[in-house]
Amino acid sequence: MGVYEAGGNGSNGTTTATTCNCCDMSLRCWCRWKWGNHQQQQQPQQNHHNLLHQRLVSLVFSSGFMFFLGFLVLYGSIGMFYGWLVFSKPYSRSTNVGVGLNSLGCQEDNEGSWSIGVFYGDSPFSLKPIEAMNEWRDEGVAWPVANPVVTCASLSDANFPSNFVADPFLYVQGDTLFLFYETKNSITMQGDIAVAKSTDKGATWQQLGIALDEDWHLSYPYVFNYLGQIYMMPESSQKGELRLYRALNFPLQWTLEKVLIKKPLVDSFIINHAGIYWLFGSDHSGFGTRKNGQLEIWYSSSPLGPWKPHKKNPIYNVDKSVGARNGGRPFVYDGNLYRVGQDCGETYGRRVRIFKVEVLTKDDYKEVEVPLGFEEPNKGRNAWNGARYHHLDVQHLSSGKWIAVMDGDRVPSGDPVHRFILGSASLAAVTVVAVVLGVLLGAVKCIIPLSWCAHYSGKRNNALLGRERSNLFSSKVRRFCSRLNRVPLSVRGKIKPNTWAGKLVLAVTIVVGVALTCIGVKYFYGGNDAEEAYPLNGHYSQFTLLTMTYDARLWNLKMYVKHYSRCSSVKEIVVVWNKGRPPRSSDLDSAVPVRIRVEDQNSLNNRFKRDPMLKTRAVLELDDDIMMTCDDIERGFNVWRQHPDRIVGFYPRLISGSPLKYRGEKYARHHKGYNMILTGAAFMDHTVAFERYWSKEAKAGRELVDRYFNCEDVLLNYLYANASSSQTVEYVRPAWAIDTSKFSGVAISRNTNVHYKIRSNCLLKFSEIYGSIAGRKWEFDGRKDGWDL
């Protein structure tokens, strides 16, 4: 990438120079370089330093180096623009109602972002998540309550900064549930044992604090009762021993009772079976032990020991995907003992597996895997347990029902490091692309300058040169440099930039560089690709997505369902089918149930039709031709949960003037306010909205909607305004939104002028019937969350 010059001062005081291209490795150039170097050695030391400085300057300001630097700046600018366009948002994810009230907690962690969910069932093999049980909590505006029920934010907001929570164990005392679990302290970066309490069957949890904190990592807090005493046996493998603690003042005060085994056992539990106490655990410290694939058993007449090893130890020393490592509390069902193991094949803690213990004696052990019956989430990283779930504690309640706690993570183990490696590799590839472009355009004439090769290291004497000549490795490096520097000439000979083929190669190379730059920026700044739900008062919830369509828009519907069904808080999609032959639910690629409601009449009023089969209180009315991010949808849902009595949506309008005239969003922006939200993309309480829409007072408005085949959303805004003198609408700004009907050519309102004229007539009619809303106005940027800019 430059020119090498060697020279020195002659005896007469004039300067002579021996110039040689840095890429020329021919014998002639090599000899000239040696002669120039020999002459250089005869000059004063000061001249030698000046010459080195001259060479460095010539290299830095060479055409090749400047070209290379220029293209890196160009690609860097493209990457910055891409990052700003895609990942820069006008709002912050951390809000006064969302994740991260404690700035120290919920930091990205290489071990994951584990959280804890609650499940119920008639048996351990029919577990359903809490949202399937339709548990409603008014105080959390959770209709219904949804998993996860305990997260890093739950503990961080209680002033115990946590990066994640995992390894949950239940302890049942009557109608009160105590939850012990590992929390990774955001300050010490070590595992502690936290405890929470629930008095409503696990729907809500009160964080009590840290139950156990040692100078080493703690996890897997196996809690059990023995002779009226409550014991905890957490993992203390970092300490190199298995410790048993006894509760002094349950659940927050514990004392060390005994060191059971002086081995670094992980994920251990004790169970009484056939009158003998059995201890299961894994020791990964031994030579030849397969990590996460080893299991050992000990037995004793008491949980306090002494413990004797099983005759067949190790029971397992196999592949980590087999499920040898324990994954929670064993349980007994229908007289059979079951062990919970974790499959660590694809990533650490990928899933739990259940094994039925068929033989457990001092001399033998046999188990067989049985299906858990747990339906794996299929929303990917948008689901709180979409990537892995590795711990289960299921217990039988006095009511006869079963309750379970399970942890889950939306990303695989080591995801931040994985993204960093891929991002670095992408940017390194961009550097290579810049060099290739320089070679193709002739700006870069060599890959490695002569002065960088092994045979050159500055001033040297004859003895050093003699040793270098005999150095085989140095010779090989020189030959490699020579061959590598012949590549540019060979490439330019085969690919001529002035030809069409050469121009095509250049264009493809430039595009590849841009793509690699964007990929690198995405890995560095794009996060883990998860579009998470936003909790409110520590609760998550779900909503129903409702859209209205007909046969000509089936293409829109398929894309719509595939995208939105993966959003975290979507429980069900209801398709109001107005005309034509409806599709089957199986024709749609959906991660949630899809119900197609076929209507007898093609009417826009069907959008707000009463539906007793709706399972959530919140309904998102969303046209099938609108595409926006799941994150936008989740933010809108969070705002609606704060204001469930309002219409919360993404398309604001301002109705004003005399006479009233319907105008677009630009008019509202210009006048810095809005008083209407279009219900083509809006959240509402269907128990309120649908009742108002189908009330006797709204009959005249519904008839106008049928007459114009338009204005159903305008009517609902008037009905809300007529029912309250306070604010009835809330705006949420989407990051972006695309109207897909423009691609399919089936837009309902293709003529904007005609569409607006009809709506202006509706405004006049509705104002006569229900009163004007022109006197109402709410400003943008009126909320603290910054989502209504």
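Are C711 and C762 buried or exposed? Both C711 and C762 are buried, where buried stands for under 20% relative accessible area, exposed for over 50%, and partly exposed for what lies in between (1.4 Å probe, protein chains only). Before going further, please keep in mind that this is a predicted model, in which local features need pLDDT of at least 70, side-chain atom pairs count only at pLDDT 80 or more, and totals for chains, interfaces and linings use all residues. Residues are numbered from 1 along each chain as its sequence is written, and side-chain values use heavy atoms, with hydrogens and water left out.

**Disulfides**

A disulfide is a covalent bond between the sulfur atoms of two cysteines. Here the term is applied to a pair of cysteine sulfur atoms within 2.5 Å, and the structure holds 3 of them. The table sets them side by side.

| Pair | S to S distance | Torsion about the S-S bond and hand |
|---|---|---|
| C106 and C152 | 2.2 Å | about 115 degrees, right-handed |
| C567 and C630 | 2.1 Å | -80 degrees, left-handed |
| C711 and C762 | 2.0 Å | 85 degrees, right-handed |

Where do these cysteines sit? Helices (H or I, at least four residues) and strands (E, at least two) are DSSP runs, numbered from the N terminus. In the disulfide of C106 and C152, C106 belongs to the loop between α3 (63-87) and β3 (115-121) and C152 to helix α4 (residues 152-156), so the pair ties together parts that are 46 residues apart in sequence. C152 counts as buried, at 13% relative accessibility.

The disulfide of C567 and C630 links distant parts of the chain, 63 residues apart: C567 is in the loop between α10 and β27 (570-577), and C630 is in helix α11 (residues 630-642). C567 is buried with a relative accessible area of 0%, and C630 is buried at 1%.

As for the disulfide of C711 and C762, C711 lies in the loop between α14 (699-708) and α15 (712-723) and C762 in helix α17 (residues 752-770), again linking distant parts of the chain, 51 residues apart.

**One side of helix α10**

Helix α10 (residues 554-564) has N556, L557, Y560, V561 and Y564 as its buried residues. They cover an arc of only 125 degrees around the axis, which puts them on the same side of α10; the arc is that of the directions from the helix axis to the C-beta atoms. An α-helix has 3.6 residues a turn, so residues three or four places apart point the same way.

**Salt bridges**

A salt bridge is a side-chain nitrogen of Lys or Arg within 4 Å of a carboxyl oxygen of Asp or Glu, and by this rule the count comes to 49.

One of them joins E214 to R243, at 3.8 Å from N to O. E214 is in the loop between β9 (206-212) and β10 (219-226) and R243 is in strand β12 (residues 242-249), so the pair ties together parts that are 29 residues apart in sequence. Both E214 and R243 are buried.

Another brings together E599 and R597, at 2.8 Å from N to O. Salt bridges that share partners join E572, R595, R597, E599, K609 and D611 into one network. Within it, E599 is buried with a relative accessible area of 8%, and R597 counts as buried at 12%.

R137 also forms a salt bridge, with E135, the closest N and O atoms being 3.4 Å apart. R137 is buried at 14% relative accessibility, whereas E135 is partly exposed at 23%.
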